[in-house]
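Me: Could you walk me through reading a structure like this one, feature by feature?
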Amino acid sequence: MIVLEKRPQPSRNWSLATPVLAVLATMIFGGLLFAALGKNPVEAIRTIFWDPLFGEFAFYYRPQLLVKGAPLVLIAIGLSLGFKAGIWNIGAEGQYIMGAITGAAVGLAFYPLDAWYVFPLMVLGGALGGWVWAMIPAILKVRFGTNEILVSLMLVYVAEQMLASMSLGLLRNPEGHGFPGSRNLNDYAAANSWIHQNAGLHWGVAAALIAVIFAYVLLNRHMLGFHIRLTGEAPRAARFAGVNPARLILFCLGISGALAGLAGLFEVAGPAGQITIDFNIGYGFTAIIVAFLGRLHPVGILLAGGLMALTYIGGEIAQSQLGLPAAAIQVFQGMLLFFLLALDLLTNFRIRLHKKEAA
Amino acid sequence: MDLSSINPVLLVASLMVAATPILLAAIGELVVEKAGVLNLGVEGMMITGAICGFAIAVETGSPWLGFAGAAIGGAALSLLFVLLTQVALANQVASGLALTLFGLGLSALLGQGYVGIKPPPTPRLDIPFLSDLPGLGPVLFGHDLILYLGIALVAAVWAMLKYSRAGLILRAVGESHDAAHALGYKVVRIRIMAILFGGACAGLGGAYISLVRVPQWTEGMTAGVGWIALALVVFASWKPWRVLLGAYLFGGITVLQLNLQAAGVAIPVEYLAMSPYLITILVLVILSKDKSNAPASLGKIFHASH
């Protein structure tokens with residue numbers, strides 16, 4: 001008889017091994033899925049995971065890795081702090097949109113002024129937009145005990161409508177011949193987030209790396225980080241230790257909102273260029289997978305962000321070369337989270353084979 | 001602006017139609033939560049049900065087979081949630097999110113060939129004389145059977161929870177799984193059945209959107225209805241009849257804002273379209289002070305050590 005025995009402490013080795021195993025399992029089952037769609041599974045997996053890095057056109061795809069990875073890492077770092085403490089911000093997509101709108105609005109307000117302070121102000125605007133949007137569920141939770149999962153998610157749909165409204169109305173390009181969408185910030189040098197476009201380097205990449213270091217220091221060297229971990233692992237002990245839950249909620253939601261807002265701003269001021277109706281492509285939701293895949297650990301998130309960016313880029317290549325549907329990649333990413341959660345059983349439990357004892 | 005173009009009888013009739021997907025999903029989730037499980041994958045199960053129902057209805061030409069397929073599809077997806085939370089003992093919040101992300105992708109994949117197709121119409125009840133009554137006829141007797149099934153399910157769940165032994169056991173499992181386990185009830189088995197029921201209901205709700213309400217298939221067409229259903233369970237404080245009331249309230253808001261859009265009110269369309277989500281937040285705020293009705297074991301992992 002198979003018996004699950006709870007480990008006194010989560011196994012460190014398994015905790016590191018499960019993400020790798022989950023990726024392998026996803027490759028196998030993803031391959032089966034691609035085979036079911038009538039594609040050569042080996043070729044499809046190779047196209048997704050190998051070609052962007054080492055294929056013939058890798059020089060073009062490698063910079064893309066930074067472009068796609070940066071927002072994912074930036075958002076996931078913020079989310080991971082809350083997830084660690086059991087504070088579930090799942091509306092990062094909305095905060096990302098609001099950050100892009102407010103940040104772009106700041107930049108467009110200065111157009112066509114060419115001054116050094118335009119971009120820093122946009123960065124502040126983007127962070128502030130995301131922060132305010134995340135403060136809504138935070139304050140409602142602290143003040144009224146409202147469920148932050150539902151409120152933050154509802155606000156994603158509100159933000160999407162806001163995005164539509166902005167790109168059709170307030171922020172529409174006055175010289176765009178009536179087409180929806182704002183001015184392209186890539187044509188406005190002072191409001192541009194690119195550092196080196198051909199290398200895929202923009203300020204979001206820098207911000208993502210800073211966020212990783214910041215989160216690492218916070219969690220390992222700072223009292224607040226200790227409180228976050230304590231609240232997640234032993235809520236009762238945290239209360240006795242004098243952790244203020246309201247402060248923690250405001251901090252975790254606030255920081256994740258601000259980071260998501262920043263990600264939105266760097267995206268709109270660089271790779272996307274303009275506010276359009278379909279500006280957001282789900283980074284805020286994929287970042288949830290990244291956070292879990294990275295074990296809620298800053299360095300892990302960095303690696304996981306790279307891997308997810310790879311599936312985005314590889315997915316696009318597979319789409320154009322093999323005719324693999326875009327949705328198949330979405331399924332693939334969802335599968336990854338499934339296997340990760342399922343395999344986590346091995347981290348927290350020991351599987352024992354017990355012989356039934358004679359009564 | 002011409003508000004007189006809004007016909008109150010049609011408004012009430014379409015309100016009931018708009019409320020049914022939320023109602024079906026919410027009553028299923030209520031049973032799941034009463035068993036002490038928090039399944040945040042409602043949105044994913046709904047959208048999967050929407051495409052399963054749509055595809056089967058189109059292929060077979062029968063909306064009823066479509067609805068049956070939707071219920072099976074929703075339940076099948078919830079089986080993944082069962083594996084994660086009841087077998088692998090994973091965190092329920094994370095597993096629910098995984099279910100939604102996966103369901104959204106899966107439905108988009110399944111639905112590729114079905115964009116722009118019209119499904120076979122779902123027949124409406126047509127009782128001679130009764131359905132033709134002015135005013136009352138279209139509201140009470142002019143709908144399809146699934147809408148009545150939704151209301152019947154509310155009554156059935158209410159009676160089951162309140163009067164039957166099965167309901168008592170379900171509530172016991174949700175209030176204290178350790179006590180229920182000690183009494184010899186199969187906690188995991190009962191929870192699995194509740195989760196499957198919730199999945200089937202969410203699937204039905206999704207298919208109601210794609211087969212009756214819209215009726216068409218577009219990617220991501222549930223647009224947050226599953227999340228609204230989750231919110232509805234909270235502010236109905238886990239009481240079936242309040243779920244019905246809440247669903248109709250939301251159906252009303254949705255239909256009213258659509259009517260106002262059509263009537264050309266001076267408020268921009270986008271702001272009207274936000275209103276159901278904003279009102280969900282508002283109601284959540286007003287009603288979430290009182291959590292005394294929440295099942296005590298909600299969202300907690302059960303692991304029988306012996």
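Reply: Happy to! Keep in mind that this is a predicted model.

Me: Which residues have the most contacts inside the largest nonpolar core?

Reply: The general idea first: in soluble globular proteins, nonpolar side chains tend to be buried together. Here the largest nonpolar core has 217 residues, and those with the most contacts inside it are Leu74(A), Ile75(A), Ile22(B), Ala26(B), Leu232(B) and Val243(B). Helix α9 of chain B, residues 187-213, gives the most to this core, with 16 residues.

Me: Why is α9(B) said to be largely enclosed?

Reply: Of its 27 residues, 23 are buried, so α9(B) is largely enclosed by the rest of the structure. From first C-alpha to last, α9(B) reaches 37 Å, close to the 39 Å expected at 1.5 Å a residue.

Me: And β1(A), does that lie enclosed or in the open?

Reply: In a regular strand the side chains alternate between the two faces of the sheet. As for β1(A), the number buried among its 5 residues is 0, so it lies largely in the open. Its antiparallel partner is strand β4 of chain A (residues 349-353), joined to it by 5 bridges. Within that pairing, Glu5(A) stands opposite Arg350(A).

Me: How many residues does each chain bring to the contact?

Reply: Chain A brings 36 residues and chain B brings 41. On the chain A side, β1, α6, α7, α12 and α14 each supply at least two residues. By class, that side has 27 nonpolar, 7 polar and 2 charged residues.

Methods
Residues numbered from 1 in each chain as written. Chains lettered and ligands numbered in written order. Predicted model: local features only at pLDDT ≥ 70, side-chain atom pairs only at ≥ 80, totals over all residues. Core = buried A, V, L, I, M, F, W, Y, C linked by C-beta atoms within 7 Å. Buried ≥ 20, exposed ≤ 12 C-beta atoms within 10 Å, placed from the backbone. Helix = DSSP H or I, 4+ residues; strand = E, 2+ residues; numbered from the N terminus. Contact = placed C-beta atoms within 7 Å. Nonpolar A, V, L, I, M, F, W, Y, C, P; charged D, E, K, R; others polar. Expected span 1.5 Å × (residues − 1). Pairing = 2+ DSSP bridges.
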